[in-house]
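Colleague: Could you walk me through this model and tell me what stands behind each label you use?
Modeller: Gladly, let us take the labels one by one.

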Amino acid sequence: MIDELFHEWRHRLMSMWRKPRLDLPLLGALLLLMGIGLATLYSASDLDRSQVISQALRFMLGLLLMTVIARVPPLTLRNWTPWLYAASVVLLVIVVIHGEGRGANRWLDLRIVRFQPSELLKLTMPMMIAWYLNGRPLPPGWITLGAAGALIAVPAALIAKQPDLGTALLIVASGAFGIFLSGLAWWRIGALLAAFAGVVPVAWHFLHDYQKNRVLTLLDPEADPLGNGWHIIQSKIAVGSGGLWGKGWHHGTQSRLEFLPEHTTDFIFSVFAEEWGLVGVLLLLALYIFIIARCLWIAAEAKDTYARLLAGAISMSLFVYVMVNGGMITGMLPVVGVPLPLVSYGGTSAVSLLAGFGVLMSIHAHRKVLAN
Amino acid sequence: MRMRRSRVREGRYKPLKEARHEEALFRRRALAGFLIIVACLVALGVRFSFLQIERHDEFSARSEANRVLTRPLAPARGLIYDRNGVLLAENVAAFRLEITPEQVHDLPATIARLGEVVPISDDDVERFNALRKSKRSYEGTPIRLKLSEEEIAKFSVNRWAFPGVDVVPYLTRSYPLGEEFAHTVGYVGRIDEADLGKLDKGDYAGTTHVGKTGIERYYEDRLHGEVGYEKIEVNADHRPIGEPLGRVAPKPGENLYLSIDARLQEATEAAFEGRAGAAVAIDPRTGEVLAMVSVPSFDPNLFVNGIASVDYAALLDAEDKPLLNRLLRGNYAPGSTMKPFVGLGGLELGLRRPEDTVLSTGEFFIPGQSRAYRDDVRGGQGRVDLVQAIAKSVNTYFYSLALDMGIDRFSGFMSRFGFGQPTGIDLMGEGSGVLPSREWKRGRFNQAWYPGETVIAGIGQGYWVVTPLQLANAVSTLAARGVPHTPHLLRAVQRGVDARIEPLPPAPPRKNVIERAANWASVQQGMQEVVRSGTARGIDAGFPYPIAGKTGTAERYSRTGTEWTSISASPIERHQVLFEAFTPADDARIAVIVALEAGRSGAHDAAPIARKILDAWLPGDQQRQAERVAGGGEGAASP
């Protein structure tokens, strides 16, 4: 009995090793991105090897998770979806009741590992929306839209309450993209946007003071040269002084002289822009566009609505990371704690991103099996 | 039903799910989405090129000029005074030893050599290493605080041997009255990891200390002030060059004036002669706390710059728990001090008239039960009315009254006086004690309530637990003929050195908790008899004002057992003893409570301490009364 199990698992592991079922163009692009990330981190951390090594280890863990998830057929994922979604929402509620974390309650301590349940929703949210829409007539009408909206709003509200506006935003976006891709009529989208514009002044009222400050600082960063404004001013100086060709690797004075805060995490893009200039920035953006395009291609190839919507939503959320982070460091958008995917230092986001790519790889690998 | 309707409406597009249609729809949408994404990222690229090409020269220049550091200037922390302007917390100039790691070649060796000139403990080194991590290598990091003059002199002679080590002046918090105010004023301490998450980084840039306990913590926002900054030019090594280029001065924090009278506080602490316990004195007319002590105490100055681990361990391990704030978190069985409140409840709820009597035989039984509830005097105290029952502390009167009242009305009435809830004083971490009730017992033990528990609640025993502050608040409310005032410490603030001292506006008036004034008079008469002829007789000897009081002697072991012998054999220090009082009895200007953790009886141990507190309060009060008469009798102005 045990022997059989052992053989079965050995067989599985061996076949995973021989046929990893990964999409090579996507994998290549991701590895390139991670390489750029590590190189930038090495410079931004002032040649601190230990940070680079620990980030590389997290990438390894993420890649391993990606390979494992790539083996799980989308049909299995689909069957698990409601349970995974429910479990992650329950965990969120637990965190709201008694979480721990510095300043904000985001972390759940499981003795062995501490993790943020909100991170799980980056995957389970698009999965749930895809699962729900998969069973509904498309394009969705108001009722389907309302139900999907509720599926998004509940966890998003819990996360925003933590308060973690950046993650809430990413999760709302991933769900919204699912709805968008399912073919929601343009006039309905227009109506929603108009309603949203009406709600903004009300929402402003409910923001925390520090969140309001971030938006206000954005409008006039020089007014607060010691607090929030400092980040934006210093980041813009870093980016702008980089010029067309950049100052060269490890020659960025802004980060080395510690004028730039959080220069290994949220503001690592500024370091990159300072050292590699506009040319580097445009190449990096092109790399992101390539990854998103490849992912959307995989989504279009999928033969089942669930897989399509899920893959599409994950691909498009990647764009939100890049846009919000890039917008922040150039002073276009408020300071919201969103990392630059696979470049910013930090474990949880790297692992959850790579897990998402694992789902895409799985959809890619099973595209033929899924014919209706 | 709803399902079908939505189908019909959506049927305008397609009657049922259609895979091919959905796939085509998805492809169109994916393309549209991709185009939007590309457009947005192109916009982002344009933004980058605007910053990096168009404004490159400007930002390049600013990057070069980023040799100008903006350095925060910490505001001076507000001072804390007592009601008469006696300084309780001040900022004193001191000197510390700082090391600039960048300029030192071999840090451990330098620290070791430095230790031969100026004593440096392992704690100091540990703290230095922890602090260094959060600083840049060109910034000075303190290794020794509060150098003595001798140490400064010794170091100055050897200064040449220590490049990168400097003596630097700074302001440090000091509590001149030390132990007396450790549990009220509290102390500040270094900002630690936990504080960092709560404090605004901008406001606290340059600030090293933050209020940790007491007034220092509660009024942190008032005391801290506003940060300022100066711009200084630095060279490539981050060394400042020349004068600051620009400066915005910091705004000092507000000075606070507390309602506490430091002389009364001192006398109160002295009256305890080191015995563990707590005392509170409140002005019943306003709720201002005049004195509050928790004995034993500790020296808050030890905590300001990080307490040495040996000292801290000693404080933690001490048997009489000096770090415990008994005022806010001490738990005492209130015992007989509750009898005036229970008696008042009987009158207010219409269960007794003042002249109703009860026969005390020494034992009380719940009808149909055999368990005896005892009186203090074997054989009983005969037939007593309310006044005598309070004066002689006759248990039977209150046993039967509580039983008639029932636990629901009982706890309902007692909560009017704030039992079982925090008083809302302006200090952090107040406990709420326990007011026994059916709901409380169900929540705590998931058990039903028994009538016997109502009986012993009548004499303040059983589950009932109060904090000294709660008791003081209740007595103060009683002294004010039922008008409650939230006890508070902050009396006035001063914004700026020469600014006017602004008294805080009085809190909005609250509803009187006693419905009939005559009921109050009967209870007050009983409390006066306590001092004249009852359990605490003689305690008012020679005192010019009439005193109303009540003793409390709570068993640590229940008296409801059938064995008398265990009680008579018990050692002297087996009781928690209490005394509550207010004076002048008709128009109280002070309410006092004293709680001792160990003693023979309330009358024997706690009442004399209360008398000493009143004696210390008296001269000031007489002076104020005289001034008022001389000043033309303004009526009830503040003392």
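Modeller: Let me begin with burial: a residue is buried under 20% relative accessible area, exposed over 50% and partly exposed in between, with a 1.4 Å probe and protein chains only. This is a predicted model, where local features need pLDDT of at least 70, side-chain atom pairs count only at pLDDT 80 or more, and totals for chains, interfaces and linings use all residues. Residues are numbered from 1 along each chain as its sequence is written, chains are lettered from A and ligands numbered from 1 in the order in which they are written, and side-chain values use heavy atoms, with hydrogens and water left out.

Colleague: Why is B:Glu230 called buried?
Modeller: Its relative accessibility is 8%, and the limit for buried is under 20%. B:Glu230 therefore counts as buried.

Colleague: What makes B:Arg247 and B:Glu230 a salt bridge?
Modeller: The term asks for a side-chain nitrogen of Lys or Arg within 4 Å of a carboxyl oxygen of Asp or Glu. Here the N to O distance is 3.8 Å, so the pair meets the definition. As background, side chains of opposite charge can pair when their charged atoms come close. B:Arg247 lies in strand β9 of chain B and B:Glu230 in strand β8 of chain B, so the pair ties together parts 17 residues apart in sequence. B:Arg247 itself counts as exposed, at 55%.

Colleague: Which residue forms a salt bridge with B:Lys251?
Modeller: The partner is B:Glu226, with the closest N and O atoms 3.8 Å apart. B:Lys251 sits in the loop between β9 and β10 of chain B, and B:Glu226 in the loop between α9 and β8 (228-234) of chain B, 25 residues apart. B:Lys251 is exposed at 51%, whereas B:Glu226 is partly exposed at 49%.

Colleague: What joins B:Arg222 and B:Glu254?
Modeller: Their side chains meet in a salt bridge at 2.9 Å, N to O. B:Arg222 is in helix α9 (residues 220-224) of chain B and B:Glu254 in the loop between β9 (240-248) and β10 (255-258), 32 residues apart. B:Arg222 counts as partly exposed at 25%, while B:Glu254 is buried at 15%. Over all chains, the search finds 36 salt bridges.

Colleague: Why is B:Val304 called buried?
Modeller: The relative accessible area of B:Val304 is 1%, so the residue falls in the class under 20%. B:Val304 is in helix α11 (residues 301-304) of chain B. Its contacts (heavy atoms within 4.5 Å) include B:Thr172, B:Tyr175 and B:His209, leaving aside residues up to four places away in sequence. The C-alpha atoms of B:Val304 and B:Arg190 are separated by 7.0 Å, although these residues are 114 residues apart along the chain.

Colleague: What makes β11 and β12 of chain B a pair?
Modeller: Two strands pair if DSSP finds at least two bridges between them. Seven bridges join β11 (residues 277-283) to β12, and the strands run antiparallel. Across this pairing, B:Ala279 has B:Val293 as its bridge partner.

Colleague: Which order do the strands of the open sheet in chain B follow?
Modeller: The five strands follow β12-β11-β21-β20-β19, with antiparallel pairing. β12 (288-295) and β19 (548-555) are the edge strands, as each pairs on one side only.

Colleague: Where is the kink in helix α8 of chain A?
Modeller: The kink lies at A:Val200, shortly before the proline A:Pro201, and is about 40°. That bend is the angle between axes fitted to the seven residues ending there and the seven starting there.

Methods. Helices (H or I, at least four residues) and strands (E, at least two) are DSSP runs, numbered from the N terminus.
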